[in-house]
Amino acid sequence: MLLLVGGVLLLVNIGVISMEITELFVVSYPFLLFVIATILCVKALVERGNLFFSLFLVLFSSILIFDRIGKLDFGFWEFWKLWPYIIIYIAVSILTRKNKIRFHFHEDMPKDAFKTLDEKGKKKRKRARGFSIGDVSFKQANWSVEPMELYNTIGDYFIDFSQAYIPEKETPIIVQGWIGDVKMIIPEDVPVFVQSYIKVGDIRIFDKETDAINRGLTYQSPGYEEAVRKLKISIELKIGSVRIDKV
């Protein structure tokens, strides 16, 4: 690319071709951007990194190149029109996952659904991974709260802690997903520490709320550190909403 740009500049300076420097830059930068994007893609593939940004650059520079050769009418500041790329990227990422596929719909999870044993026989959290679609709920009467880590690709969560038996200890609850809503109901007498993050959507924890892109919200109940019975909740979503209320 440097050889190409240098050669064209040389031909301009010696009068072989007539082109203003500004015009040359406007015409040539999409090609340079395409080369950079391709290099970033190859690097991400080799290092197994994130392809989101590099693939977007490939798409963006390719459309600009089609504009330069007269096949499309597209300007640099019209990049916002490419927002459906986000949906396409999510869809392709889901389809190319190598994990096992699981489907569950409006499922009341049993109290031991996420319990497993290590080699020493001690309880630890089981990570529910893979591609899963459907709604997950914990709302049956007197269900037992245990440390758990939940993952859902597409679907909603409803967890009613007011119907549960909560042990006298700090219990970690981790909820993650791509697309969906998370709703939790917390008894007023149970202190909580909540860390929540969402890329696109809104978060409301009791009387605190936020909505925008790439937002996080943290809440800690008064007296949480001294409490014996308490919940430590972590929520992370790509797209959706988070609602936590008291009863």
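**Figure 1. Surroundings of phenylalanine 161 in the predicted model.** Setting aside neighbours within four places in sequence, phenylalanine 161 is in contact (heavy atoms within 4.5 Å) with Trp143, Val145, Ile166, Ile173, Met184, Ile185, Ile186, Pro187, Leu231 and Ile233. This is a predicted model, in which local features need pLDDT of at least 70 and side-chain atom pairs count only at pLDDT 80 or more, while totals for chains, interfaces and linings use all residues. Residues are numbered from 1 along each chain as its sequence is written, and side-chain values use heavy atoms, with hydrogens and water left out.

Figure 2. A nonpolar core is a set of buried Ala, Val, Leu, Ile, Met, Phe, Trp, Tyr and Cys residues joined through side-chain atoms within 4.5 Å. Here, buried means under 20% relative accessible area, exposed means over 50%, and partly exposed lies in between (1.4 Å probe, protein chains only). The largest core has 31 residues, of which Phe161, Met184 and Ile186 touch the most other members. At least two residues of this core come from each of the strands β6 (136-138), β8 (148-154), β9 (157-160), β11 (170-186), β12 (192-205), β13 (208-220) and β14 (230-246). Strand β14 supplies the largest share, six residues. A second, separate core has twelve residues, including Leu33, Phe56, Ile63 and Leu82.

**Figure 3. Helix α3 and the glycine that follows.** Helices (H or I, at least four residues) and strands (E, at least two) are DSSP runs, numbered from the N terminus. Helix α3 covers residues 52-68; at 1.5 Å a residue its 17 residues should span 24 Å, and its end C-alpha atoms are 25 Å apart, which agrees. The expected span of a helix is 1.5 Å times one less than its number of residues. The buried residues of α3 are Ser54, Phe56, Leu57, Phe60, Ser61, Ile63, Leu64, Ile65 and Asp67. An α-helix has 3.6 residues a turn, so residues three or four places apart point the same way. Phenylalanine 53 also lies in helix α3, but counts as exposed because its relative accessibility is 53%. Between phenylalanine 53 and alanine 37, which are 16 residues apart in sequence, the C-alpha to C-alpha distance is 8.6 Å. Just after α3, glycine 70 takes a positive phi of about 85 degrees.

**Figure 4. Helix α4.** The twelve residues of helix α4 (residues 84-95) reach 17 Å from first C-alpha to last, close to the 16 Å expected at 1.5 Å a residue. Within α4, Tyr85, Tyr89, Ile90, Ser93 and Ile94 are buried.

Figure 5. Two strands pair if DSSP finds at least two bridges between them. Strands β6 and β9 run parallel and are joined by three bridges. Serine 137 has phenylalanine 158 in β9 as its bridge partner. Four bridges pair β9 with β11, again in the parallel sense. Phenylalanine 158 stands opposite lysine 183 in β11.

**Figure 6. A salt bridge between arginine 229 and aspartate 189.** A salt bridge is a side-chain nitrogen of Lys or Arg within 4 Å of a carboxyl oxygen of Asp or Glu. Four are found in a search of the whole structure. In this view, the side chains of arginine 229 and aspartate 189 meet at 3.3 Å, N to O. The pair links distant parts of the chain, 40 residues apart: arginine 229 is in the loop between β13 and β14, and aspartate 189 is in the loop between β11 and β12. Arginine 229 counts as partly exposed because its relative accessibility is 28%, whereas aspartate 189 is exposed, with a relative accessible area of 56%.

Figure 7. Aspartate 202 forms a salt bridge with arginine 243, and their closest N and O atoms are 2.5 Å apart. This pair also links distant parts of the chain, with aspartate 202 in strand β12 and arginine 243 in strand β14, 41 residues apart. Aspartate 202 is partly exposed at 23% relative accessibility, as is arginine 243 at 24%. Another salt bridge joins the side chains of glutamate 78 and lysine 81 (2.7 Å, N to O). Glutamate 78, at 23% relative accessibility, is partly exposed, and lysine 81, at 41%, is also partly exposed.
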